[in-house]
Each structure stands twice: as C-alpha cells, then as structure tokens.
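Open the model in your viewer and keep the sequence panel beside it.

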Amino acid sequence: LVSVLLLLLVSWFWCFPVALMTAELSTAYPHDGGYVLWVQSAFGNFAGFMMGWVSWASGVVDNALYPSMFLTFVEDSFDLHLSAWMQM
C-alpha cells in the first residue's frame, strides 16, 4: 500500500509540472517541432540539433528493447525454451 501511494505521489509531483510546462510551451510556440524548437530558441541551433538527434536515438534504442523484453517475459512465464534466433 505504501509503495502504491508513493508511486502515485511521485508521479503526480513529476508529471503534473511537466504537463503544465509542455502545455505552456506548446501555446507559446505554435509550430511543429516540440522540444527541438524550445531548446533551439533557448540554447541555439546546435543544442536544438542535439536535442532532436538524442531524442530520436533514444526512441530507436528504447523501441528496439521491447521485442526482446517481451520474448524474455514469455519464455520465463511459460517455461519455454525459444531458439537462439528468436532471442536476438
């Protein structure tokens, strides 16, 4: 019970200000680009480029982990022994 309450409390104090900041910046910059435009206007072209590139790279790496994590979960949950080519 304590962990659930702590999870809700921490997520509220983290996600709510981030949501407010995103809403405020989205109305201040009505163009497509999101974080890249915000960082670029505050810190310059190189920082905006790096923000876009790092955001894209982290998304690619993050999304590449999900199939492997899912197969590991299925293998462990159902006591399966999948072949090596399915495990990546």
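How many helices and how many strands are there in the chain? The chain has 4 helices and 0 strands. Both kinds are DSSP runs, numbered from the N terminus: helices are H or I with at least four residues, strands are E with at least two. Along the sequence the pattern reads α-α-α-α. The radius of gyration is 20 Å, well over the 12 Å that the globule rule gives for 88 residues, so the chain is more spread out than a compact globule. That radius is taken over C-alpha atoms, and the rule is 2.2 Å times the number of residues to the power 0.38.

Before going on, note that this is a predicted model, where local features need pLDDT of at least 70, side-chain atom pairs count only at pLDDT 80 or more, and totals for chains, interfaces and linings use all residues. Residues are numbered from 1 along each chain as its sequence is written, and side-chain values use heavy atoms, with hydrogens and water left out.

**Whole chain**

Show the C-alpha trace. Along its principal axes the trace spans about 50 × 40 × 20 Å. Buried residues make up 8% of the 88 residues. Buried means under 20% relative accessible area, exposed over 50%, and partly exposed in between.

**First ring pair**

Select Trp12 and Phe16. Both lie in helix H1, 4 residues apart, about one turn of the helix. Rings of Phe, Tyr and Trp (its six-membered ring) pair if their centres lie within 6.5 Å; planes under 30 degrees apart count as stacked, over 60 as edge-to-face and the rest as tilted. Phe16 is partly exposed, at 38% relative accessible area.

Select Tyr35 and Trp38. This aromatic pair is edge-to-face, 5.0 Å centre to centre with 75° between the planes. The two residues are 3 apart in helix H2 (residues 35-43), about one helical turn. Is Trp38 buried or exposed? Trp38 is buried, with a relative accessible area of 12%. Tyr35 is partly exposed at 42%.

Notes:
Buried < 20%, exposed > 50% of the residue type's maximum accessible area, 1.4 Å probe, protein only.
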